[in-house]
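Colleague: I am new to this structure. Could you show me how to read it, feature by feature?

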Amino acid sequence: MRAARRTGGLQRKFFVALLIVGIVPGMVALWATYRSSTASLKQAIGEGFQEIARSTAIRLATAVDDEIDHAARLAISIADQQAESLGKQADRSPKKTGRSPFSHQSGSGNVTARFLEEWARESRQYLRVTVADRRGLVIASTDPLLPQHQEDQLWWREAMQAPAGTAYVSNVVRAPGLSDNDAVFHVAVPVFDAAGGTATGAVDLVIRRNLLTHMILPIHIGNTGHAMLLDTQGTPLICPVLPPTAHLIPSALINQLALDRPLWLVADDDAHGGRNAIVGAAPVRFTHPLTQFSLDGTRWYAFVRQAPEETYAPTYSLLFTVGLIGFGLVIVLSAFGFVAGYRIVKPLAALQREAEGLRLNLTTPQTNTTVSLATLPLPQEYQTGDEIEDLATTFAAMRAVLEENLRTIRSQQHELIRQEKLASVGQLLAALAHDLRNPLGVIRSSAQVVLEGPQEEPIRQEMARYIIDEVDKLSQRLHDFLRYARQKPPDFADCAAEDVLRATLRQWAAQGGHERIRVEQQFERALPLIHIDPEQIKEALMNVLINAREAMPDGGTLTLTTRRGEGGAVEIEVTDTGGGIAPDHLGRIFEPFFTTKDYGTGLGLTNVKRLVEDNGGTLAVTSNQGTGTTFTLRFRPAS
């Protein structure tokens, strides 16, 4: 069957091809641009965040170092003041010598307290300033409610054990009485005696976190970028976005940034809901050495982050703009391709119509009045001035040649058909004459014997049997010729292969001549029905069974089989143990009028093959000369 005509297929291919040619490189370019711009953006922003974190860490360390210096100067001033006060008392009471500057004498605590108040008044960052002696007793404090004993406080223990030049700095903690959003940290240093060798007390500055917060809050990077102060436990000490208790820095991120140098990296989780966020970090390195338990045994880090959506927004905007422009250019290019495709397809479509007309001319009778296209000018739609016009010119010349050759071929075909018909009729008549001559000769001889005079009864009966047998042969030959000449279409019905084979076997047995033949039946159960004309298949099987009987004149075994074959086909198989078919004859047994017998028309197997194929089946034969022959009929199951 001829395929349906396509409309606009080539034009669509032009359009799609240009789309692909434009989009695929565009996607690759966008991907490359994304990778390159993202890498450059990460490098630039990461280095910027690293520098911001480094400078912030320096400012934080400087602020704390300044407070350590303030505490150290305060300790020196208090020691000098107490030494002076002690000296005056010693002049008035010469017997009282060798006392500590922090001995609880009448009026000494009040003098120190007044000095602390005047000193603390210079800064609003101090929540409390305290001086304690070597036993942990408070000598003076700006907080009158402070308990007298401070020996159990970490700041006092660390300060009393600190060598000269070493300070204690606590982590940022929440102080009683302050709001939830405020916190403090301690800076404590020892107070040495006049000789500078023995710690006689300690000074503690309780500093509001605002001192550090004022260095963090002003840092803004876009709308979401900000700085933080955190420790190596992952605790946010200062965060301008979320309260410290609302989030915790992941340990994986802490392990990455807890180095002794500034750095930047891409964090899987930045503790603010950002994925693949660029962050910068730097350690806060103090100038003054700190005690062992300062900062709760951790380190401080300045941390800078920004929401990745805002960080990568310029890249996404660039990609969107480039992609939009590129897609627009691809559409415009494809539109040009569509127009160019139309200009190419239009003459090709006209050529296709001409080819269709030529096909019709090749399949229908043609008169001698056909006008050759070679004598006509090319239509306007072919005049493209390029290879298509050359193709149209060549096609027109080819059509003219084909039409001329077609007329010659048809003329020769008619003559060949007429000669073939005459040869076929001659062959048919020769075969018919050959098959009629011998029976007619026997009939004539028998009739002459009867006409010569009265004959004995046995002779008369024998002559009558001769005449009857020969008439039966003539009838069979005529039946074969008529079956070959007249091809009746099958009358299909669904039936079982076993039933058809059994009915054929009964008809074959009724003819006799099978007394020395043993019949074996091998019928498979539950086979599907087949869609055939049962009478035509019975006739085909009858011819096969007759051939099998004639192949075993001395007896043998006839095996009839039904089974399911390959692909679900139903197979009917007839096998004999006769002499078989010679290999050089096996390929010709289905040719009309071919026979190796001294009698017969050679149309039996020809009719068998045609009947099987008319019923939608196939016929196969295998034979081994001297051992037998097998005919296999295959039919598709009924739907």
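Modeller: Start with Ser623. Setting aside neighbours within four places in sequence, Ser623 is in contact with Gly580, Ile581, Leu586, Gly628 and Thr629. Keep in mind that this is a predicted model.

Colleague: In which element is Ser623 found?

Modeller: Ser623 is found in strand E17, residues 618–624.

Colleague: Is Ser623 buried or exposed, and why?

Modeller: Buried means under 20% relative accessible area. Ser623 counts as buried because its relative accessibility is 16%.

Colleague: Which polar atoms lie by the side chain of Ser623?

Modeller: Take the backbone first. A polar atom of the Ser623 side chain lies 2.8 Å from the backbone nitrogen of Ile581. Then the side chains. Ser623 and Thr629 make a polar contact through their side chains, at 3.0 Å. Ile581 and Thr629 are also among the contacts of Ser623.

Colleague: Now a loop. Where is His272 found?

Modeller: His272 is found in the loop between strand E9 (263–267) and strand E10 (277–283).

Colleague: Which residues does His272 contact, leaving aside its neighbours within four places in sequence?

Modeller: They are His226, Met228, Cys239, Leu242, His247 and Arg305. Look at His247. His272 and His247 are 25 residues apart along the chain, and their C-alpha atoms are separated by 7.7 Å. There is a polar pair to note as well. A polar atom of the His272 side chain lies 3.0 Å from the backbone oxygen of Asp270.

Colleague: How should I read a nonpolar core?

Modeller: In soluble globular proteins, nonpolar side chains tend to be buried together. Here, the largest nonpolar core has 52 residues. Val203, Leu205, Leu212 and Trp300 have the most contacts inside this core. The largest share of the core comes from H1, with 14 residues.

Colleague: What does Leu212 contact, leaving aside its neighbours within four places in sequence?

Modeller: Leu212 is in contact with Leu60, Val64, Val172, Phe185, Leu229, Ile238 and Trp300.

Key: Residues are numbered from 1 along each chain as its sequence is written. This is a predicted model: local features need pLDDT of at least 70, side-chain atom pairs count only at pLDDT 80 or more; totals for chains, interfaces and linings use all residues. Side-chain values use heavy atoms; hydrogens and water are left out. Helices (H or I, at least four residues) and strands (E, at least two) are DSSP runs, numbered from the N terminus. Contact means heavy atoms within 4.5 Å. A polar contact is a pair of N or O atoms within 3.5 Å; within protein, one must be able to donate a hydrogen and the other to accept it, and residues adjacent in sequence count only if both atoms are side-chain atoms. Buried means under 20% relative accessible area, exposed over 50%, partly exposed in between (1.4 Å probe, protein chains only). A nonpolar core is a set of buried Ala, Val, Leu, Ile, Met, Phe, Trp, Tyr and Cys residues joined through side-chain atoms within 4.5 Å.
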